Amino acid sequence: MGDNDGLVLGVDLDGVCADYEGAFRASVARQLGRDPADLPPQTVMDAYSEWGLSFTAFERAHRHAVLEDRMFRTMAPMPGVSEALWRLSDLGVWIRIITHRLLFNWAHETSAADTAAWLDLHRIPYRDLCFIGDKPHVGADVYVDDAPRHIVGLRAAGKTAIVFDQPYNRDLPGPRATSWDDVVAHVEGLLASRARQVPLPFDGVPPATVPHPGRAGERPTDRPADRPADRPADRPADEETPR
Ligand SMILES: [Mg+2]
């Protein structure tokens, strides 16, 4: 994995990897006998008040969409998500899926099973699958999410969070990704900055100024003077943040 090992990417599913709103729109239109075109894109993330749903109506419709229409198994992936996550995985990024799908009781078996089936079906590489609403308590180096409250909560907790662009999160400051290619570019930038933060061989002492007598049996490459002099000697030690 080289210079990039250890970077954990926390990845949300709905509205980021998967087209939740498209699947829910189709289900709600069927359930209520409405034209999907009459159900506009959400510009406020709530219980779909812009579709005329109360919270109780949303809960009923969501439960039907999950249990009867099996939306977590059948929804469409976002364009390019599999390819992008494979690219990052190949760079050594640890993919940690973090989703808040267990919204209501008595649908958990179907929600969890259909989520895992969907991830396999769409060839999403991942190492961990976390069902949790309190996302800042799941460790990751960088997160990608679409929900304003999650983005705000993650940033308040000091985390780096990429906003996956949706109509209901446009007022949030960046970093922002309007596609999975953008997510890759952001994470590659983080990997590049991390790769530049290489620890010094010996606590900030420039190798060229330290005589090294060598030891019996020591290989030449073990000696600091033989290591590449790839850092300026006057770089302060506190710039180095090995993780
Ligand atoms: Mg989401």
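**The sheet and the core**

A: In this predicted model, strand S1 (residues 8-11) pairs with strand S2 (residues 94-99) in the parallel sense, over four bridges. Within that pairing, valine 11 stands opposite isoleucine 97 in S2. Strands of a sheet pair through backbone hydrogen bonds, and the pairing can be parallel or antiparallel.

S1 and S2 belong to an open sheet of six strands, ordered S3-S2-S1-S4-S5-S6, with parallel pairing. Strand S3 (128-131) and strand S6 (176-177) are at the edges; each has a single partner strand, so one side of each has no neighbour in the sheet.

The protein has seven helices and six strands. Read from the N terminus, the elements follow the order β-α-α-α-α-β-α-β-β-α-β-β-α. Among contacts between residues at least 6 apart in sequence, 63% join residues at least 24 apart.

Next comes leucine 9. Apart from neighbours within four places in sequence, leucine 9 is in contact with Leu88, Val93, Trp94, Ile95, Arg96, Ala140, Val142, Val144 and Val187. The largest nonpolar core has 44 residues, and Leu9, Cys17, Val144 and Ile162 touch the most other members. In soluble globular proteins, nonpolar side chains tend to be buried together. Over the 243 residues of the protein, buried residues make up 26%.

Notes: Residues are numbered from 1 along each chain as its sequence is written. This is a predicted model: local features need pLDDT of at least 70, side-chain atom pairs count only at pLDDT 80 or more; totals for chains, interfaces and linings use all residues. A nonpolar core is a set of buried Ala, Val, Leu, Ile, Met, Phe, Trp, Tyr and Cys residues joined through C-beta atoms within 7 Å. A residue is buried if 20 or more other C-beta atoms lie within 10 Å of its own, exposed if 12 or fewer, and partly exposed in between; C-beta atoms are placed from the backbone. Two residues are in contact if their C-beta atoms, placed from the backbone, lie within 7 Å. Helices (H or I, at least four residues) and strands (E, at least two) are DSSP runs, numbered from the N terminus. Two strands pair if DSSP finds at least two bridges between them.
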